[in-house]
Amino acid sequence: MNILIAPDSFKESLEAIDVCSAIKQGFSQVFPEASYTLLPLADGGEGTSAVLSYVLHGQWQQLQVHDPLMRPITAKYFLTVDGIAVIEIAEACGLHLLAKEERNPLLASSFGVGEMMVDAIQQGATNILIGLGGSATNDAGAGMLQALGVKLQDATGTVLKPGGGNLNQLHSIKHQALQSLLSGVTISVACDVTSPLCGPTGASHVFGPQKGATVEEVLSLDKALAHFATVTHTYISGDDCSHIEGAGAAGGLGFALMAYCQAELKSGFDTIAKMVELDRHLAKADLVITGEGKLDAQTAMGKVASGVALRTKAINPELPVIAICGSVDYQHTSLDSLPKTDQAVQQLSPQDSPFDAVFASIHQLDSMQVVLKNAYPNVRYTALQVASTLSLGRQLFYTKLHTK
């Protein structure tokens, strides 16, 4: 029996490779003779570079950059032998880098992201894959652009200070140095956020509050980003990118990457799945096990668990898919919660779910600290019980078959 274990990380508790290991340990107690393939996955956000480092040849690169408040920190990215740099923006401008009382999207800058990109190019990268997610910023990528050599100036010719709150002072843009820097470099963005740059569903309104913005500051930031987009369109040729889905990702970094760097925004899960050759592994599997920290309504929005399940059913509708998660909102495990435009969904009947079985691994009520601490043994124990149930079912089947 070939068992493919392909989960996402469990946020704040387990990396994807650790989830793989826990599931394998539980299953191998019941099926020691099985062949196991561990394929940790990500959706373009946290853990993307770590996942790709397991399947691609390359080395980690460390460098000193500036955090969202322009303080020096050490960040890392993964550089493959064939010149692909995998950069997670959260390494430089992640919300986790700031204490709750430090969160201020009016001041937070994406400058460190640009520093990582410059270093990758200097190290020989010709392709840069950027994972958007978890940012503390709402500056529409202005800080990143400044690190890349773009001059953003006010009416007096003074360079803008960091933060989205200062974008309403933007008057002129000098971007000639950027064209030279990015010559011969292709940039792709792994992103599953569909927000445009501005408006009720834009970066400021949707994500600003969790980054520390008040109601008044959200309105101010939204106007500042709209002004930035207007001035950008004056100086940068091409279509206005501010209305494109994903422009509002990571506080507007998606907009800057598209407008200034000609970056292509792609589905995070689809991008990673292609790079790790998920379909090839699915074709050889007899059983697929996936999972994530919490299976809920967001699972259907390009997340790993639903992505694995849908790809599995598209390749082989009879191939069983089991999800082992931290917690499960069972109201959102059915086909009804999945996007109806997905071709894989259209192949399933309305009453179907892409999962053949879903299991939560939290076994008792406790504090969040204890739950996160016990994530590994809980996943391992759940995997053991799932494997035991499968083994029991097989025994019952053969017993009934031979007693007829």
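This is a predicted model: local features need pLDDT of at least 70, side-chain atom pairs count only at pLDDT 80 or more; totals for chains, interfaces and linings use all residues.
**Entry 1: the domains**

Domain 1 comes in pieces, 2–40, 286–333 and 346–402, while domain 2 runs over 48–268. I then looked up the spacing: going by C-alpha atoms, the centres of the two domains lie 34 Å apart. Seven residues of domain 1 and four residues of domain 2 make up the contact.

**Entry 2: what lies between them**

Next I wanted the area. How much do domain 1 and domain 2 bury between them? I noted about 400 Å², with 64% of it on carbon and sulfur atoms. On the domain 1 side that touches domain 2, I counted five nonpolar residues, one polar and one charged. I went looking for salt bridges across this interface and got zero. For polar contacts between the domains, I got one residue pair, with both residues at pLDDT 80 or more.

**Entry 3: the cysteines**

How many disulfides does the rule give? The count is zero. I checked a couple of cysteines to see how far off they are. Cysteine 198 has the sulfur of cysteine 241 as its nearest cysteine sulfur, 13 Å away; the cut-off for a disulfide is within 2.5 Å, so cysteine 198 is in none. Cysteine 261 also has cysteine 241 as its nearest cysteine sulfur, here at 11 Å, and is in no disulfide either.

Last, I asked myself about exposure: is cysteine 261 buried or exposed? Cysteine 261 is buried, because its relative accessible area of 5% falls under the 20% cut-off. Cysteine 198, at 22%, goes down as partly exposed.

Key:
Residues are numbered from 1 along each chain as its sequence is written. Side-chain values use heavy atoms; hydrogens and water are left out. Domain bounds come from an automatic or database domain assignment. Contact means heavy atoms within 4.5 Å. Buried area is the accessible area (1.4 Å probe) that two parts lose on being put together, summed over both. A salt bridge is a side-chain nitrogen of Lys or Arg within 4 Å of a carboxyl oxygen of Asp or Glu. A polar contact is a pair of N or O atoms within 3.5 Å; within protein, one must be able to donate a hydrogen and the other to accept it, and residues adjacent in sequence count only if both atoms are side-chain atoms. Ala, Val, Leu, Ile, Met, Phe, Trp, Tyr, Cys and Pro count as nonpolar, Asp, Glu, Lys and Arg as charged, and the others, Gly among them, as polar. Buried means under 20% relative accessible area, exposed over 50%, partly exposed in between (1.4 Å probe, protein chains only).
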